[in-house]
Amino acid sequence: MALATSARVPPNAEEWEGERRALLDKRISDLGLSVKGTAVERLTTQLYEELAARGLAFRPPVYLSDQWGCPDGTPLIGVPFYLADPRLSRIEEEVAIEVEGEQDAMRYLRHEAGHAFNYAYRLYDRADWRQTFGPYSRPYRDRYRANPFSRDYVRHILGWYAQKHPDEDFAETFAVWLTPGLDWRREYAGWPALRKLEYVEAVMREVGDVQPEVPALSPDDLPVEEMHYTVAEHYRSAEESIPIEDERHFDGDLRMLFASSEEAPGGEPAWLFVRRHRKEIVGRIAYWTGEGTSAVRAFADFIAQRAETLGLRVRGLEASTLVELTAFGTAVMMNYRYTDALDGTPPREGAQ
């Protein structure tokens, strides 16, 4: 379900393409975006009601920015600007493959609220916090080695996100603790992660009625009013290249996945198959690896381009080809996640 409700998406494809181009050329600061009157406001209200139900007095301010986050350790919650307008949400979905629905948006809001509470009360400075979650000063890495079988961490955002850093571990634990209707004691019974949930509950009882000081929103926090660049420039800056030194590296794998034109003269061109299933392929690989869709999109597009160069075609059942291609992509992107390389390079020294 789309979040934003403040503008109408043109139903006609030709009309939409014209409006899409016009929006891409506009500076974000000139779009007049606001939380007020959109579903973002309604979901923020829901978050505040959940906090109140837990006896918490603090209401982290929510504003529109370039992405989800609490900037520079401040107790302010930035929400992606495109969620305030359905036309921008559609562009996000077209470019990034996916856009948050209401359920996912609430997951992110609860997670960011966890960060906000951590920063507002400087919980990370407490000895018992460090003993429970680890040192806040631990290096923060975008790509991290995760253990899918670990029971030391809660599971909330996809990609075993709690394992990324102690700060993320706390935010994820807080989000699970806050989620209405979730019996986390039963859900995590027998798991070491239960101790973390119990810690969050104890600390929230301690600080719940204390109203912290919150800094005013500043240009450094990048509200939409300060985003003096176009929507197109926003997406260009978010594009991610993938480190492939030799474009022939996966040719052998692709010849295993697909057939030559001689082997399957009537088969669908492999590049067209990848393009046609691009959204599903990227979504599934991102889901199972926890890797951002930007890198996965770049890899899928590389595979399509290489398959076209090799003249490969689909053989056999479409469903089995899709399963094999997704499994192959998942293996490659997991290696990328651990090593920052796609070609089997051993992990860098000091990598997690």
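Ile97 is buried in this predicted model, with a relative accessible area of 5%. The backbone deserves a look here: phi of Ile97 is near 80°, a positive value in a residue other than glycine.

Leu33 sits in the loop between α1 and α2 and counts as buried at 11% relative accessibility. Leu33 and Ala84 are 51 residues apart along the chain, with 6.6 Å between their C-alpha atoms.

Is Arg122 buried or partly exposed? With a relative accessible area of 48%, Arg122 is partly exposed.

Gly134 belongs to the loop between α5 and α6 (166-178). At 9% relative accessibility, Gly134 counts as buried. Its contacts, not counting residues up to four places away in sequence, are Trp129 and Pro166. Gly134 and Pro166 are 32 residues apart in sequence, yet their C-alpha atoms are 5.5 Å apart in space.

The table below gathers the accessibility of these loop residues.

| Residue | Relative accessible area | Class |
|---|---|---|
| Ile97 | 5% | buried |
| Gly134 | 9% | buried |
| Leu33 | 11% | buried |
| Arg122 | 48% | partly exposed |

Two packed helices are described by the angle between their axes and the distance between the axes. Let us take α2 and α4 to begin with. The axes of helix α2 (residues 39-53) and helix α4 (residues 102-120) come within 10 Å and cross at roughly 50°. That angle makes α2 oblique to α4, and α2 passes α4 in a right-handed crossing. On the α2 side, the contact is made by Arg42, Leu43, Thr44, Gln46, Leu47, Glu50 and Leu51. On the α4 side, the residues are Glu102, Ala105, Met106, Leu109, Arg110, Ala113 and Phe117. By class, this contact of α2 with α4 holds eight nonpolar, two polar and four charged residues.

Now for α12 and α14. Helix α12 (residues 278-289) and helix α14 (residues 318-339) have axes that come within 9 Å and cross at roughly 45°. The two are therefore oblique to each other, and α12 passes α14 in a right-handed crossing. From α12, the contact draws on Glu280, Ile281, Arg284, Ile285, Trp288 and Thr289. From α14, the contact draws on Leu322, Leu325, Thr326, Gly329, Thr330, Met333, Met334 and Arg337. The contact of α12 with α14 divides into seven nonpolar, four polar and three charged residues.

**Aromatic pairs**

How many aromatic pairs does a search of the whole structure find? The search finds 21. One of them joins Tyr119 and Tyr124, an edge-to-face pair at 6.4 Å centre to centre with 70° between the planes. Both of these tyrosines are buried.

Another pair joins Phe133 and Tyr199: the ring centres are 5.8 Å apart and the planes are at 75°, so this pair is edge-to-face. The pair links distant parts of the chain, with Phe133 in helix α5 (residues 127-133) and Tyr199 in helix α8 (residues 193-207), 66 residues apart. Phe133 and Tyr199 are both buried.

Ring pairs also build a cluster, whose members are Phe58, Phe117, Tyr119, Tyr121, Tyr124, Trp129, Phe133, Tyr136, Phe170, Phe174, Trp177 and Tyr199. Some of these names have come up already: Phe117 takes part in the contact of α2 with α4, and Trp129 is touched by Gly134.

Terms used
Residues numbered from 1 in each chain as written. Predicted model: local features only at pLDDT ≥ 70, side-chain atom pairs only at ≥ 80, totals over all residues. Heavy atoms only, no water. Axes fitted to C-alpha atoms, helices over the stretch in contact; angles between N-to-C directions. Helix = DSSP H or I, 4+ residues; strand = E, 2+ residues; numbered from the N terminus. Parallel < 35°, antiparallel > 145°, perpendicular 65-115°, else oblique. Left-handed = near helix turned anticlockwise from the far one by under 90°. Contact = heavy atoms within 4.5 Å. Nonpolar A, V, L, I, M, F, W, Y, C, P; charged D, E, K, R; others polar. Phe/Tyr/Trp six-rings, centres within 6.5 Å; stacked < 30°, edge-to-face > 60°. Buried < 20%, exposed > 50% of the residue type's maximum accessible area, 1.4 Å probe, protein only.
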